[in-house]
Amino acid sequence: MNVKDLIRSGANVSVTVGLEDLREIFKEVAGTLKPVRQEPLPEEFLSRKEVLAILKIDSSTLWNWERTGYIKSYPFGGRKRYKQADVESIRTGKKGVNNGK
């Protein structure tokens, strides 16, 4: 009886397997696995207060940036939220006036 037959039988047994046999089993199993489709990570959003604190700006500046399209806000439950990635790109200087909106 080989390992596959033991697995299929559902028997509760202990098996001693040599290292080379174990490698072969792993190779065989790895060949039958389907690739896992990775879901994109959910975007994280920040509140208005968090954005003001991180960027060290006044609320009028944030309002002006929204109005001009420099940063975009998203409504959540009647409140505005901002993508953390957008805030981080502004904070690090990767998003400038000439670098696009």
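The model is predicted, so to speak of local features a pLDDT of at least 70 is needed, side-chain atom pairs count only at pLDDT 80 or more, and totals for chains, interfaces and linings use all residues. Residues are numbered from 1 along each chain as its sequence is written, and side-chain values use heavy atoms, with hydrogens and water left out.

**The sheet**

Let's start with the strands. An open sheet is built from 3 strands in the order S1-S3-S2, with antiparallel pairing. Strands here are DSSP runs of E with at least two residues, helices are runs of H or I with at least four, and both are numbered from the N terminus; two strands pair if DSSP finds at least two bridges between them. S1 (45-47) and S2 (73-76) are the edge strands, each with a single partner, so one side of each has no neighbour in the sheet. On average, neighbouring strands are turned by 45 degrees against each other, direction ignored. S2 pairs with S3 (residues 79-83) over 4 bridges in the antiparallel sense, and Phe76 stands opposite Arg79 in S3.

**The helices**

Two angles between elements are set side by side below; axes are lines fitted to C-alpha atoms, for helices over the stretch in contact, and angles run from 0 to 180 degrees between N-to-C directions.

| Pair | Angle |
|---|---|
| H3 (residues 48-55) and H4 (residues 59-68) | roughly 105 degrees |
| H5 (residues 84-91) and S3 | about 60 degrees |

The axes of H3 and H4 come within 10 Å. The two helices are therefore roughly perpendicular to each other, a label for angles of 65 to 115 degrees. Arg48, Val51, Leu52 and Leu55 in H3 meet Ser59, Leu62 and Trp65 in H4, where contact means heavy atoms within 4.5 Å. That contact holds 5 nonpolar residues, 1 polar and 1 charged.

H5 packs on the sheet and touches S1 and S3. Which residues of H5 are buried? They are Asp86, Val87, Ser89 and Ile90, buried being under 20% relative accessible area (1.4 Å probe, protein chains only). Seen down the axis of H5, its buried residues fall within an arc of 160 degrees, so they line one face of the helix; the arc is that of the directions from the helix axis to the C-beta atoms. Their cover includes S1, H3, H4 and S3.

**After H5**

Thr92 and Leu55 are 37 residues apart in sequence and 9.6 Å apart in space, C-alpha to C-alpha. Gly93, which follows H5, has a positive phi near 85 degrees.

Technical notes:
Parallel < 35°, antiparallel > 145°, perpendicular 65-115°, else oblique. Nonpolar A, V, L, I, M, F, W, Y, C, P; charged D, E, K, R; others polar. Buried < 20%, exposed > 50% of the residue type's maximum accessible area, 1.4 Å probe, protein only.
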